[in-house]
Amino acid sequence: MRKLSRREIDMSLTKSAITATTSALALLAFAHVANARDQINIVGSSTVFPFSTTVAERFGNNTDFKTPVVESTGSGGGLKLFCSGIGENTPDITNASRRIKASEVELCAKNDVKEIIEVKIGFDGIVLANSRTADIINLTRKDIFLALAKNVPDGEGKTKPNPYKTWAEVNSELPAIKIEVLGPPPTSGTRDAFVELAMEGGCKKVDWIKAMKKSDKQAYKTLCHTIREDGAFVEAGENDNLIVQKLEVNPNAFGIFGYSFLDQNSDKVQGSMVGDVEPTFENIADGAYPISRSLFFYVKKAHIGVIPGIEEFLEEFMSEDASGEDGYLADKGLIPMTEDEAEEWKSQISNLENLAL
Amino acid sequence: MTDNINILIASSNAKRQSAERSFRVYGIFAIILSLSFLFIMIGSIGLRGATAFKQSFVQIEMEIPSDKIDADNIKRARFGKLLKAALRDSFPDLKSRKEKKQLYKLISSNAEYSIRDQVLQSPEIIGTKAKFWVRASSDVDMYLKGYIDTNIPEDQRRISDLQLSWIGKFQDAGQIESRFNTRFFLGGDSREPEQAGILGAVIGSALSLLVCFLIAFPLGVFAAVYLEEFAPKGKLSRVIEININNLAAVPSIVFGLLGLAIFLNFFNLPRSTPLVGGMVLALMTLPTIIIASRAALRAVPPSIRQAAIGLGASKVQTTFHHVIPLAMPGMLTGSIIGMAQALGETAPLLMIGMVAFIVDVPQGITDAATALPVQIFLWADSPERGFLEKTSAAILVLLVFLIVMNLVAIILRRRLEKRW
């Protein structure tokens with residue numbers, strides 16, 4: 001009797017396997033006629049991600065629209081997806097921690113994404129920070145370049161592999177500790193901006209290199225943008241929390257990350273001065289701190305009116321409550337634009353003006 | 001002569017016994033070492049994550065004026081201003097804007113929505129003065145849990161002396177309470193650590209695994225049955241077998257790329273959904289299931305087949321009535337192990353857009369969703385200090401999920417297993 005009932009269980013299992021297949025196939029068929037997307041889809045930069053998500057959450061709470069889905073794909077990856085075409089299967093908005101490139105606008109146009117609205121949301125500073133237990137140091141961009149570049153000028157108009165082992169060798173005013181910098185990998189937008197603003201900024205200070213920019217741009221870029229690979233610069237992955245933890249245990253090391261991480265961890269790490277300027281909220285906002293970049297997002301105009309809520313989302317993002325000086329994004333570490341600049345952007349955006357490079 | 005042999009045996013015996021003893025010691029040592037690693041890992045995660053299950057609440061007394069809050073349209077009403085005014089009333093001697101801002105930062109920036117929801121539930125309190133318990137902000141919560149060192153200079157910590165004095169006053173008045181954090185289990189993700197919940201990710205994972213199971217299990221079992229019982233054994237079947245074995249070792253990101261190319265770009269299925277996630281995970285677990293199912297089928301004694309055929313059953317009848325039921329426990333165990341593997345995957349989900357910030361808890365397989373390991377990754381990557389404990393707590397939830405799945409596998413095997 002008992003055996004029989006077990007047998008029945010087994011039979012029903014086999015049968016359920018067959019039903020499962022059928023239902024799986026039915027499921028696939030149904031999925032195809034899934035209703036039109038009613039949720040804004042945002043992709044792009046991991047630097048803008050914390051800000052974009054905060055606005056998205058507020059937007060979902062304050063309105064009857066669904067909360068937008070925000071993916072962190074990196075600026076380049078986001079623009080690639082964004083420019084892949086028009087339609088519900090492409091994102092409506094992409095975040096970028098740099099401005100869109102001409103080549104990307106071309107790619108967009110090729111795929112029928114011809115009208116794009118550009119939105120600037122504010123600034124982000126990139127800081128070189130170390131543990132609170134160590135002293136604050138004062139660097140110039142040239143120091144940063146000399147300490148971290150793969151090849152450095154040898155003083156006779158040529159280059160040599162970077163020989164510097166300690167900060168004091170780079171600049172006698174700096175402490176005699178080993179150069180040890182933890183930074184983001186090449187896939188990161190923070191790395192791009194750091195290389196462009198800090199490294200190239202310091203590189204240009206050498207006259208003959210500056211002259212080279214005109215004569216041989218490729219060689220100039222290679223020299224200024226290549227970071228040393230002999231262990232002095234450690235790629236610490238995309239996780240900035242990890243860098244903060246490592247700095248805590250190693251007071252001689254420095255880390256490179258966005259201002260928002262410094263802001264959140266000010267009890268553990270301190271930002272180094274660059275060119276006598278401290279990386280504070282005010283200094284980044286008024287442009288005194290040299291390593292800062294603008295943050296943007298781009299909106300597909302063809303999707304406005306098709307995907308519900310895009311205009312309202314823009315409104316929320318540009319509101320005083322969000323990206324204003326005392327807005328909730330400032331609490332998250334975003335450095336707002338000056339009032340004049342913000343007004344200008346607001347009027348451009350409310351008129352839905354197209355991007356012009 | 002015998003003496004010599006005895007000596008030989010005795011000496012070799014001593015050698016063999018010592019080899020056996022030392023092998024046992026190595027074995028025990030290895031087990032102790034791995035157990036201690038496991039213990040340290042789970043212990044440290046548990047210690048760090050335990051505090052995430054508690055959340056500090058602040059009691060705010062607040063007027064709900066009927067002229068400002070429309071009883072018919074509570075959802076639209078903005079409670080933020082009223083809440084700020086109520087906070088200011090509790091500390092009337094504040095003047096500067098900066099001080100007021102610090103005061104507002106004591107409570108969660110999402111508190112106005114929780115007040116709205118409470119009013120929505122009991123609209124009769126409109127027009128009266130009511131007491132609300134709202135979440136403390138993450139900084140305050142971190143301080144109350146002892147994560148903020150107040151001995152370091154004021155400008156270096158995220159909570160000021162003034163805020164500390166307010167917290168002290170609230171505590172003296174019994175207006176701060178630590179409660180079980182139900183929202184962590186019943187809410188979706190949030191940018192504010194005090195508000196963030198895991199339910200969206202748990203449901204996302206469950207839905208993905210459901211889709212994965214519905215596709216991979218029948219496909220895998222039928223493929224295995226055909227290959228094992230029906231397919232002619234030849235060069236072709238050997239090539240297929242080798243390929244299936246190789247597929248099981250392909251890095252999971254490759255399946256993500258495949259999913260992106262086929263499901264999203266070609267079939268135009270919706271991005272970031274458990275449907276596509278489950279399909280990609282199904283591709284990934286299919287080889288594991290086929291291999292496990294074939295092993296289970298092979299373990300069924302040939303006498304069963306011969307007896308069935310001997311009594312006149314056809315090949316299909318033999319397979320479906322006798323062989324598959326006997327192999328079912330092994331097949332199920334293999335599938336559940338494959339799915340447990342799929343549960344921990346983030347790489348393939350990255351390509352199909354499931355690594356995303358999603359607040360709404362998914363209602364079905366075509367709603368945008370994320371998965372448990374993805375949620376852990378996203379929280380670990382967030383700047384806010386409060387997400388540290390949430391990350392560990394999410395890992396604990398993932399571990400519990402895994403343990404439950406493995407338990408199901410064990411129970412199913414026990415119930416269905418037959419012995420000869």
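**Close-up views of cysteines and domains in a predicted model**

**View 1. B:Cys212 is a buried residue of chain B.** The model shown here and in the other views is predicted. The relative accessible area of B:Cys212 is 0%, so this cysteine falls under the 20% limit for a buried residue.

**View 2. Chain B is divided into two parts, domain 1 and domain 2.** Domain 1 covers residues 54–180, and domain 2 covers residues 199–416. Between the C-alpha centres of domain 1 and domain 2 of chain B the separation is 46 Å.

**View 3. A disulfide joins A:Cys83 and A:Cys108.** Over all chains, the structure holds two disulfides. In this one the sulfur atoms lie 1.9 Å apart. The disulfide is left-handed because the torsion about its S-S bond is about -70°. A:Cys83 sits in the loop between helix 3 (75–82) and strand 3 (93–96) of chain A, and A:Cys108 belongs to helix 4 (residues 102–110), so the bond ties together parts that are 25 residues apart in sequence. Both A:Cys83 and A:Cys108 are buried.

**View 4. A disulfide joins A:Cys203 and A:Cys224.** The distance between the sulfur atoms of A:Cys203 and A:Cys224 is 1.9 Å. With a torsion of about -70° about the S-S bond, this disulfide is left-handed. The pair links distant parts of the chain, 21 residues apart: A:Cys203 lies in helix 7 (residues 189–203) of chain A and A:Cys224 in helix 9 (residues 217–225) of chain A. A:Cys203 counts as buried at 0% relative accessibility, and A:Cys224 counts as buried at 0%. When the bonded cysteines of chain A are numbered in sequence order, the pairing reads 1-2, 3-4.

Note on methods:
Residues are numbered from 1 along each chain as its sequence is written. Chains are lettered from A and ligands numbered from 1 in the order in which they are written. This is a predicted model: local features need pLDDT of at least 70, side-chain atom pairs count only at pLDDT 80 or more; totals for chains, interfaces and linings use all residues. Side-chain values use heavy atoms; hydrogens and water are left out. Domain bounds come from an automatic or database domain assignment. A disulfide is a pair of cysteine sulfur atoms within 2.5 Å. Helices (H or I, at least four residues) and strands (E, at least two) are DSSP runs, numbered from the N terminus. Buried means under 20% relative accessible area, exposed over 50%, partly exposed in between (1.4 Å probe, protein chains only).
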